Structures are given as structure tokens and as C-alpha cells.
Amino acid sequence: MSKKLSGFPEFLPRERIVEQQVLDHLRRTFELHGFANVETRAVEPLDVLLRKGEIDKEVYAVKRLAADPAEPAELALHYDLTVPFARYVLENAGKLEFPFRRWQIQKVWRGERPQQGRFREFTQADIDIVARDVLPFHFDVEVARVMAEALAGLPIPRATLQISNRKILEGFYLGLGVADPTAVMQVVDKLDKVPAERIRELLLEQGLDAPQAERILALAEIVTTDTSFVQRVEALGVEHELLAEGLAELAQVVKGASDVDGVTVTADLRIARGLDYYTGTVFETRLEGWEHLGSICSGGRYDELAKDRRSTYPGVGISLGVSRLLVPLALAASRSVPSAVLVAVDAEESRSISDTIAGALRYRDIPTEVAPAAAKFGKQIQYAEKRGIPYVWFPPSSVKDIRSGEQVDADPTTWTPPLEDLTPTILTKEQLS
RNA sequence: GUGGGUGUAGCUCAGCUGGUAGAGCACCGCCUUGUGGUGGCGGUGGUCGCGGGUUCGAGUCCCGUCACUCACCCCA
């Protein structure tokens, strides 16, 4: 009965309009900051995708139906936009100007079990800045700012950008005499799910002593909305060159991004990011009241985004899970069509009059459609109402706001609806109820 | 991949210990022969997820299967 494929969402027009407006906003924000757009192919050679390791089971392999069933697949759908981008940078390094900043919004695929906010096919919006050999640190600040601004402009619950720095954690652990900082990081990264007591046990199992575990947990407890985390870390009395470097970096990012209105920016030393390739700044993002969705937007600095025989390409970037971001929204637009005006048709013989009126409105960028049939006017009004079209134009020169019932004489070459009626608007959950 | 829950109309659901399928909403028409939203009357619409079994008879019981869903894992 239900042909719905779990994890592969499809929207109704009313919902798609909401998504579309979110995407438009993101693009506008990214381009306002000078990011250029790139689109990469949907498939990559399997070995390129698996380079990052671990995630192999989530990758969808692709091969021709006619291929020999015994033959292993060579291609796979990309499961993020970072790896394809790294490949693209290498391939086009000779033609790109560095530092290169790009935005990219595309579908990605992951073979996970779906649940709320987790999809098998979903849209990611990425920004990355990549350079050849050296990427100045201020770009870490910029990427955080741009994404913070993008989030601030959306009608979603308040977002908290949680920023940390791998160098702090690694330096702190090294300063404590921990042999395998990465293993500790992966344990600490689970702090939001696993109680601190259990984390302590796990740390002790790794061969740390109680005072070490104590201070590691104390570090992870530090969350501040300003640069005061620096003093708090220093008060723990651990010293290491890498730690000092990380503290200075994180302070810069927090200071640089914290004045964006509408989002909260925190230095959050719980954030470690399980995965390997991050080398400095790391980001995660939660939505207030929707923490159970997990991070909607993550990323960080990778000193070795890509590498060829001649050069290394360091990068810093952040990925927004657009599909997940949409979950808290009511996903309803004020109407299911772009039309702001429906021009009624008096009789089929005079349809051309209506067409002319519609043309005059469209000429001035007012989205307009003409009634499908010369039905009774009541029917034509209903047609508009069902779709949420706010205005019905009765030829030759009368326009009615069908929400208020107010009807005025008007000239199609000069009449304009209020700005808020020109395009569909996103309704919040409150507005719906 | 592991474990739990659920599959009856477009949607939300009812259907008692097995007796040949219902409600509300939505949709269409009429009351209303050219300006809607309320009201009244009427109507369309279901291989009860799929396959097998038990039975005179299965939406209802049994087995299998698929799908959806929640949690774990992991991540946007």
C-alpha cells in the first residue's frame, strides 16, 4: 500500500516551497560572502570514498544491471560533499585560484537505518575554503561566521554553534602523559550520550589513572560563551605547546563569531568529533528543543584535505544537514503554488482578456495564473483558496483579497500586492495552530 | 546490522470471544443561474500490506514475508 521508501523523503509542493526558500537563503548568504558554487557528480570511484575509512558499510554501491554479478562495484553514491570536493580540487588544482572558497548544495546518500532527522537520501549544504600549502587561521573564523549568519536568518529554533579545537584536547592529553590521545578523544566524544561515570570507567579501562581521568572530565565540562574558557583550562594546570596553540585559536574563533545575532556561539570542550581527519577547529550545532536530533551542522579544519605529489591542500569547512534542519519546521508554506494572483475567466470566449491581464501582472514580476475554467466565480475563488492564492482578479479591473474579502478597482499595469504576498511565506508551527 | 511496536478509504482511526467492511475529516454534486468560506441533503472511494495455513467461513487465529516506525550503532 504505502510506496513510501523510508529514508528517501519526497515533499508535497507546499513542503517543497519551504525547503526551496531555505535553500535560496543559504545560497544568498554564501554568495554574499563570495563563495562560488560547484557541483560534483553523484558517483565517485569506490576507493575514493573509502579513503576516509570506517564508513564503508553506509556507502551505496552502483553498478550496471548488465554487469557480471560476481564483479565488485567500482562506483558508489557519495555520502558527503567533502570527499568529492577534495577529489575535485586535486583534479582542477591547475585551474582554480587559491585560496578557493566554494559552496555546494547537493543530495548525499548513506545506507543507515532511518529515523526522525536521519535519512538515507538527504541534502547537505557545504562551504569550504581550501588553499595550497598554507591556509591562514582567520579562515576558520570566517567559515564559522558565515554559517552562523546563515542559520541566524532562518525561521528555526535558536541554534548553538559549539566550537572546540582538537589541539586543545590533544595537547591537554599529551600534557597529562596520555599515550593515545585519539582513543581518549573518541571516548570523550560520547559524553552527551553516556553518563560521566561510565566515561570515567572507560578511561580507566584505557589504562589512565584516576587523577588523569578526573582532569579529562573536568576539561570536557568547560562550556563558555566567551573566551573565559581559556582561564578555566589553564586553571587545570596542564601545560603543553599544542594546548596553548589550540586555546589561542579557539579564542579567536569564539571572539570572531560570537557577535552574530540570533545564534549562540560557545566554546564547548566536549566536542571532539569522532573522526580522524580534523586537525584543529571542530564544529557541531544543536537546535534548542531539538537536541535529540544531534548535530545539524558540523565541520572543522583539516590540514590535509587533499594532497598530490607537489602540494598539500589544507581546508576548513562546515556542512549543514538541510534535511535535518527542516524537521523542526512545520514544513508548510502559506500556499502550495507560487501564484500571488488568480485571474478569473468570465467566459471561454473572453479568456484572452484574462490572459492579457495576467501578462500585465507578470510583466511586473507578479506571479500570476489564469483560472482553468470559466466556472462560476464562487468556484474560481475556491480554486484560489485551496491553493492559498491570496488575490483573485475579476476582469477587467477589480481585484479581491479573498482572505479579507476586500475588493478594489485596480489597473493591472500598476497594481501590486504587498511585498509579503508576492511570494509564499514559511508558516511556523505556532501560526498553524 | 541488533531489538521493540505497527500495517483496515486520500488522512485519523473503529471493527467485541472468526459470520462476507464502518465513522469522522477530505473530495465531488445539489440546495445556490456568476463572488467562496457556515448549514442541509446526496454521492465517489477499500484485492483490510503480501503469501501460505487452520476453518463451512479469516480484517479477526497460526506461520512466513515485506513495509513503516522507535531505540541502539553512527552520523547532517
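1. Which element gives the largest share of the surface near RNA strand B? That is α13, with eight residues. Please keep in mind throughout that this is a predicted model. The helix α13 spans 377-387, and Phe377 is listed among the closest residues to RNA strand B. At least two residues each are also supplied by β6 (121-130) and β11 (297-307).

2. Taking the RNA surroundings as a whole, 43 residues surround RNA strand B, with Ser6, Arg110, Arg118, Asp346 and Phe377 the closest. By residue class, the surface near RNA strand B has 17 charged residues, alongside 13 polar and 13 nonpolar ones.

3. Do have a look at Asp128, in strand β6. Is Asp128 buried or exposed? Its relative accessibility is 1%, and because the cut-off for buried is under 20%, Asp128 counts as buried. Its side chain has polar partners there: the side chain of Tyr302 at 2.6 Å and the side chain of Arg102 at 3.0 Å. Leaving aside residues up to four places away in sequence, Asp128 touches a set of residues that includes Phe35, Phe85, Phe100, Val316 and Ile318.

4. On to the domains. Chain A is divided into domain 1 (13-332) and domain 2 (334-432). The contact takes 13 residues from domain 1 and 14 residues from domain 2. Their C-alpha centres lie 45 Å apart. About 990 Å² is buried between domain 1 and domain 2, and carbon and sulfur atoms give 61% of that area.

5. A couple of backbone points deserve a check by eye. Most peptide bonds are trans. Here, the peptide bond from Phe98 to Pro99 is cis, with omega near -5°, and Pro99 is in the loop between α3 (82-92) and β5 (100-109). A cis peptide bond also joins Pro395 and Pro396, where omega is about 0°. Pro396 has its place in the loop between β16 (391-394) and β17 (398-401).

6. Last, the phi angles. Most residues other than glycine have a negative phi. Asp133, however, has a phi near 70°; this residue is found in the loop between β6 and α4 (138-152) and is partly exposed, with a relative accessible area of 46%. Asp365 likewise has a positive phi, of about 65°. Asp365 lies in the loop between α12 (351-363) and β15 (368-370), and with a relative accessible area of 64% it is exposed.

Terms used
Residues numbered from 1 in each chain as written. Chains lettered and ligands numbered in written order. Predicted model: local features only at pLDDT ≥ 70, side-chain atom pairs only at ≥ 80, totals over all residues. Heavy atoms only, no water. Near = heavy atom within 4 Å. Helix = DSSP H or I, 4+ residues; strand = E, 2+ residues; numbered from the N terminus. Nonpolar A, V, L, I, M, F, W, Y, C, P; charged D, E, K, R; others polar. Buried < 20%, exposed > 50% of the residue type's maximum accessible area, 1.4 Å probe, protein only. Domains from an automatic or database assignment. Contact = heavy atoms within 4.5 Å. Buried area = accessible area lost by both parts, 1.4 Å probe. Polar contact = N/O pair within 3.5 Å; in protein donor to acceptor, adjacent residues only side chain to side chain.
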